[in-house]
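Hello,

Here is the structure I said I would pass on. My notes on it follow below.

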Amino acid sequence: MPTATGIRVAVFGVLALALAGEVQAQTLESALAQAYRSNPELNSQRAALRAVDENVPQALSGYRPRINATADIGNQSLTTKTWTNTTPPRTIQTNRDAINPSGYGVSLSQTVYDGGKTTNNVRQAEAQVIQARETLRNTEQNILLDGVTAYMNVLRDTAIVKLRQQSLASFEEQLRATRDRFQVGEVTRTDVAQAEARLAGSQSLLLAANARLQTSRAQYRQVIGSEPGKLVPGRPVDKLLPASLDAAVATGLSRHPAIEAAKNGADAAMLQVKVAEGSLLPVVTLEANYLRRFDGSSQLEDSMTAQVVGRLTVPIYQGGSEYSTIRQAKETLGQKRLDVDVSRDQVRAAVVQSWGELQAAKAQIEAEQAQVRANEIALEGVREEARVGQRTTLDVLNAQTELVNSQVALVTAQRDRVVASYSVLSGIGRLSAKQLGLNVQEYDDTVHYRQVRDAWIGVRTPDGK
């Protein structure tokens, strides 16, 4: 039968799975680095940012000229009938003329003033880029936190499975001993039934623990991108956290990417109001046209037309849609400003919650360690007393169950301790590859922006697609 000391070794090594194979084992940092490089959700958000970058050159196109070329060629047949004289007898003369009209032309249009729409479109596009960058930062935080959670869940559930296996072996040994004592008349059939019931319950708990482990392994595969092997224990990141709750809340409110994204969303909405208002202002354009025609008729062989025109267009009334668009943009602006307050409240709540969970996990680990030590001593004593007839079989079974339950609670508290520390780091907006010192090349969200911002032509993306 496993001793309490043997079980204790398993508990306090719960988060280190077979350190003898540590050379091939994966650390939490390497798992997070893998997720940072290959997580599909994170890569999808990076692609979304690159798409938003293209809003800027699209907006800048409003400053640039529009040039169009036209060409045409065709065939025209003309048949005419005329009277040859005015008095009888009159005759009809038929004339047929075939020509091949053709021509080409070039037109250029340059907007000189459009009510500030282009300027505000550019500013709005740049605000949208910054918003998308902050959204990417927030997504990176969420993926890294998901990676920590998945990693620690696998460690926790693997340790619990081992504890349940040891507990099952202990109950099997207890049942065999109880049956032997029943054969010699030392215990009753009730004691045997109690041992059988605890064994069945232990089997059920082991099956449930295995099911949870498989779920955790699947989640690990989804977030990290590979099957979990031997995992090295994760450590909390307390050294990266503020010293107090107030400092944590202040840091989160000042730099969390979710708040920054909401602020830039409000800026983009404000600029959209100005863009909509620009539709009520005059538009000044400069237009140049060149047209060459080859009609091939006897009267006109060819012609050339060139002109430069300055055009002023003053909107007076377009059915009222422009006024509705302006009102709609103002309502959207009000919503985006409220979203900033919502983001602040969410960040504050997340920081307070994760900070409380961290403090609770610290205290719970100390309490569970004390409980495990006490239950180990109690189990040893109950077994000795049962041998001399001072304790019943049920007392031994209860002591074993309480020890295993406290060991499982300790494992869970150790997992919660690590996850909560990373949750606080995420809550204050500092959970990043750079902050954690991950061995990865950080994604530079400005490279693609600089590549496409001033691109006038070209359909290939910078990566060659």
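Contact here means heavy atoms within 4.5 Å. The model is a predicted one.

Glutamate 322 is in helix α9. Leaving aside neighbours within four places in sequence, glutamate 322 is in contact with Ser279, Leu280 and Tyr317. Glutamate 322 is buried but has no salt bridge. Its nearest side chain of opposite charge belongs to arginine 327, 8.9 Å away, whereas a salt bridge needs the charged atoms within 4 Å.

Next, the nonpolar cores. The largest has 47 residues, and the members that touch the most others are Tyr151, Tyr422 and Leu436. Elements that give two or more residues to this core include α2 (28-38), α6 (189-224) and α9 (321-387). The largest share, 11 residues, comes from α5. A second, separate core has 17 residues, among them Ala195, Leu199, Leu213 and Val411.

Not counting residues up to four places away in sequence, tyrosine 151 touches several residues, including Gln26, Ala31, Tyr220, Leu231 and Val232.

Is glutamine 26 buried or exposed? Its relative accessible area is 16%, and because the cut-off for buried is under 20%, glutamine 26 counts as buried. The side chains of glutamine 26 and tyrosine 220 are joined by a polar contact of 2.4 Å. With neighbours within four places in sequence left aside, the contacts of glutamine 26 also include Gln34, Tyr151 and Lys230.

Regards

Methods:
Residues are numbered from 1 along each chain as its sequence is written. This is a predicted model: local features need pLDDT of at least 70, side-chain atom pairs count only at pLDDT 80 or more; totals for chains, interfaces and linings use all residues. Side-chain values use heavy atoms; hydrogens and water are left out. A nonpolar core is a set of buried Ala, Val, Leu, Ile, Met, Phe, Trp, Tyr and Cys residues joined through side-chain atoms within 4.5 Å. Buried means under 20% relative accessible area, exposed over 50%, partly exposed in between (1.4 Å probe, protein chains only). Helices (H or I, at least four residues) and strands (E, at least two) are DSSP runs, numbered from the N terminus. A polar contact is a pair of N or O atoms within 3.5 Å; within protein, one must be able to donate a hydrogen and the other to accept it, and residues adjacent in sequence count only if both atoms are side-chain atoms. Lys and Arg count as positive and Asp and Glu as negative; His and the chain ends are not counted.
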